[in-house]
Number of protein chains: 2
Amino acid sequence: MIYRINETHDTTLRSWVESANQPGCDFPVQNLPYGVFRRRGSIEGFRIGVAIGEQILDLRKAYAAGAFDDADDLTLAAIEATRAPTLNALMALGPEAWQALRLALSRLLRESAPAQVTLRQALLPQDEAEYSLPAKIGDYTDFYTSIHHATAVGRLFRPDAPLLPNYKWVPIGYHGRASSIGVSGQNVRRPTGQIKAPDQAAPVVAPSARLDFELEVGILIGGSNPLGEPVPIDKAESKIFGLCLLNDWSARDIQAWEYQPLGPFLSKNFATTLSPWVVTLEALTPFRTPWSRPADDPPPMPYLDSAATRSFAGLDIDLEVLIQTARMREAGEAPERLSRSNFRHSYWSVSQLITHHTLSGCNLQAGDLLGSGTQSGPTPAEAGSLLELSCGGRKPLALNNGEQRTFLEDGDTVVLRAWADKAGFTRIGFGEASGTIIEPYSASI
Amino acid sequence: MIYRINETHDTTLRSWVESANQPGCDFPVQNLPYGVFRRRGSIEGFRIGVAIGEQILDLRKAYAAGAFDDADDLTLAAIEATRAPTLNALMALGPEAWQALRLALSRLLRESAPAQVTLRQALLPQDEAEYSLPAKIGDYTDFYTSIHHATAVGRLFRPDAPLLPNYKWVPIGYHGRASSIGVSGQNVRRPTGQIKAPDQAAPVVAPSARLDFELEVGILIGGSNPLGEPVPIDKAESKIFGLCLLNDWSARDIQAWEYQPLGPFLSKNFATTLSPWVVTLEALTPFRTPWSRPADDPPPMPYLDSAATRSFAGLDIDLEVLIQTARMREAGEAPERLSRSNFRHSYWSVSQLITHHTLSGCNLQAGDLLGSGTQSGPTPAEAGSLLELSCGGRKPLALNNGEQRTFLEDGDTVVLRAWADKAGFTRIGFGEASGTIIEPYSASI
């Protein structure tokens, strides 16, 4: 299933939800991302909604109001799958159903839609909502797709061998912790762990003093493959439901001491933050870019290569990370940008991640999450972590209000944002994934 | 919650299920492990049962037959939690409820129990059963607790630094793949992956030629801890529902090429096999042993140490691994033992694994699975993997029928077994975890 530009991408479409037509809006009628929400403070169950402008269309209410009474069977199956409190059932249906529902929602939310009078009752302003994770996440796998990040971090951890010999052959990934994944707005407790300074003989147990963010794209899997059956590269995209933002919080001092030989563990398992809105792959169709790699690098191995997909395997998605310190918040100052990057710099395409992941026969399931790895761009200012931006903590960043940062301090809020924008198409936004560092656990352990 | 020897461990107890009274039986009335089963080939749903001798007591049927009509509230809550198709709800109730249900089951299955006439209707012979995973596993974490295994494998992967400097301080672990965990009896498809011979410039894609088993103990988590709140060492045991056998199938050639810097990925994510029966921690009370480490080693850091638990933190559980090749099976020959070890050799206790895992604030949930890591003993014959037994593939093992093995061949069945046995107490068995290697995926990838 390869999505093509169709009527849902038509840049002339406007919505009867006025705020969706504002320039720069993250959620125009061409976007239609899914999330799980309820009215803030309510005791009602979480339900599935679609972001439109500054509003959320409650799909359960829209269904109850009869908006899908004339839908065909495929659309009906899709909308009925949205009556659950997570997206998993919809994700399991596959691209034809996703596409059918997207088209129906696009038509319902357009300026001319006759159902708009009814559907206004199914709207909730986003600023009155609270969110849950979009899916019950089964397994979470984090990749390492930015060669710029891998090189920069490798230089800090292994000055003699920054980029390991396997990097240009293997889409490096590892299994992450699913239980501690949370949704934007969460407080992240500073983790405690074993830390060993290079000049000390023994480690100490202490709260991390080198707490960092990682600017990543999350890939939410829809569909599944049977155990033992790899997903060929040309079919990999059909397993992708959509993309979101992902902050892979990392404690660098804990990581440095624990990570050999089996990889990061406590340094990453205390929290991962996702944005609440999942932007479908179909919505991103206009922002596909050719995928290539430097001429001097080895070509991808045949199972990771496909003439049919090379022309559009990249995704041109702008990414940025901002910080709002406690002092900035108290002074009413907006978050300040720390870095800006783009997902097109990824050394591996999303299809390659899926095909490699399943090469061994590993089974993916609807609701699984892949992280792209930190999306650092080619220049130092495009780095997706403080570890890189501060050169391993040696060069503090100066903030506009006079504060400095090497790593995160308690009270710091980190905000990830993303959007796709291109002449001739409507800008598609991702909303944001934010999290605030709070003090370490204080009780005796 | 520290379990003590009580009436359920009484070695004079006999069951009205005759086969439970046979010497050497894995499942005497002193054991009472839980599993999820149904009649083989049936389309009825899986349900929870307790192994007793060669039979399974169907808890749903026992409940329906009125066996728990006079139970107290705690026991009733526990038995009602077993009406689900997985153990998760029971696991979430905590040790008091587990202990209450165990006591009730012990009394129902003893020789003198008045309910035996009724309960005979709730029995199914094990050889007429098929099994499902005992729990819906949320997150799976694999540790590395045998210093003998870590040293032997380290020598093969890193001859210059076999045991890394962090090993004696950090209970090394990493996140594994939950979706590909299966139950004993499964076929395991030989995984394909990138493999690079040391003398080659580039990797090839091929089925693993160095497919191995790993003899491990699985630890099934009951209860949970809130995100951000570590579990102190003295409370860690209360989070353990029970133990099972775990085979962490490993493709050594794929592992060697991919594992740096983020740890094993495709080399481990294609399959993990569990035994169907979960032996409760309470059943293992008589087999606790003092936990200690060599006097020259650093003592455990304070958060991993507890005077109260040192006296019994070890578990004296015999472990063995057997192989039955296709030729042996055709000739009607029983599986042949490859190695025998014991869980008491573990460098870290199960409590230490839980406390370390949560030190960062990581939240454990009922149904999570911890693997102990390969339980190799101090001598080469006690190694828990072929990698060690064959000295990295250099010394083939001679089998009794004249066959040789360095690594596993298609058609090989690997069987893990375990039991605890000690003078003055009744032998407690784990049953087995078996899996058979089948040919690699043949379709073009």
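The C-alpha centres of domain 1 of chain A and domain 2 of chain A lie 28 Å apart. Domain 1 covers residues 19-132 and domain 2 covers residues 140-438; these bounds come from an automatic or database domain assignment. This is a predicted model, in which local features need pLDDT of at least 70 and side-chain atom pairs count only at pLDDT 80 or more, while totals for chains, interfaces and linings use all residues. Residues are numbered from 1 along each chain as its sequence is written, chains are lettered from A and ligands numbered from 1 in the order in which they are written, and side-chain values use heavy atoms, with hydrogens and water left out.

Start with the two domains of chain A. Here, 26 residues of domain 1 are in contact with 23 residues of domain 2. Contact means heavy atoms within 4.5 Å. Together the two domains of chain A bury about 2000 Å², and carbon and sulfur atoms give 66% of that. Buried area is the accessible area (1.4 Å probe) that two parts lose on being put together, summed over both. On the domain 1 side, M91(A), W98(A) and Y131(A) lose the most area to domain 2, together 27% of what that side buries.

Two salt bridges are counted between domain 1 and domain 2 of chain A. A salt bridge is a side-chain nitrogen of Lys or Arg within 4 Å of a carboxyl oxygen of Asp or Glu. The side chains of E282(A) and R102(A) meet in a salt bridge, with 3.7 Å from N to O.

Which elements give two or more residues to the domain 1 side? They are strand 1 (34-39), strand 2 (47-52), helix 3 (88-91), helix 4 and strand 5 (129-132) of chain A. Helices (H or I, at least four residues) and strands (E, at least two) are DSSP runs, numbered from the N terminus. Helix 4 of chain A gives the largest share of this side, four residues. By residue type, the domain 1 side divides into 16 nonpolar, eight polar and two charged. Ala, Val, Leu, Ile, Met, Phe, Trp, Tyr, Cys and Pro count as nonpolar, Asp, Glu, Lys and Arg as charged, and the others, Gly among them, as polar.

Now look at R110(A). This residue lies in the loop between helix 4 (95-109) and helix 5 (116-119) of chain A. Is R110(A) buried or exposed? R110(A) counts as buried because its relative accessibility is 13%. Buried means under 20% relative accessible area, exposed over 50%, and partly exposed in between (1.4 Å probe, protein chains only). Leaving aside residues up to four places away in sequence, R110(A) touches several residues, including E7(A), W16(A), V29(A) and L103(A).

Next comes the meeting of the two chains. In all, 60 residues of chain A are in contact with 61 residues of chain B. The area buried between chain A and chain B is about 5800 Å², with 64% from carbon and sulfur atoms. H175(A), L262(A) and F265(A) supply 14% of the area that chain A buries against chain B, more than any other three residues.

Four salt bridges are counted between chain A and chain B. The interface also holds 26 residue pairs in polar contact, both at pLDDT 80 or more. The side of chain A that touches chain B divides into 33 nonpolar, 20 polar and seven charged residues.

One link between the chains deserves a look. R177(A) and D368(B) form a salt bridge, 2.7 Å from N to O. R177(A) lies in the loop between strand 7 (173-175) and strand 8 (181-183) of chain A, and D368(B) in the loop between helix 10 (350-359) and strand 22 (369-371) of chain B, so the pair joins two chains. Both R177(A) and D368(B) are buried.

Other salt bridges stay within one chain. R405(A) and D412(A) meet in a salt bridge of 2.7 Å, N to O. R405(A) is buried because its relative accessibility is 5%. D412(A) is buried at 0%.

Notes. A polar contact is a pair of N or O atoms within 3.5 Å; within protein, one must be able to donate a hydrogen and the other to accept it, and residues adjacent in sequence count only if both atoms are side-chain atoms.
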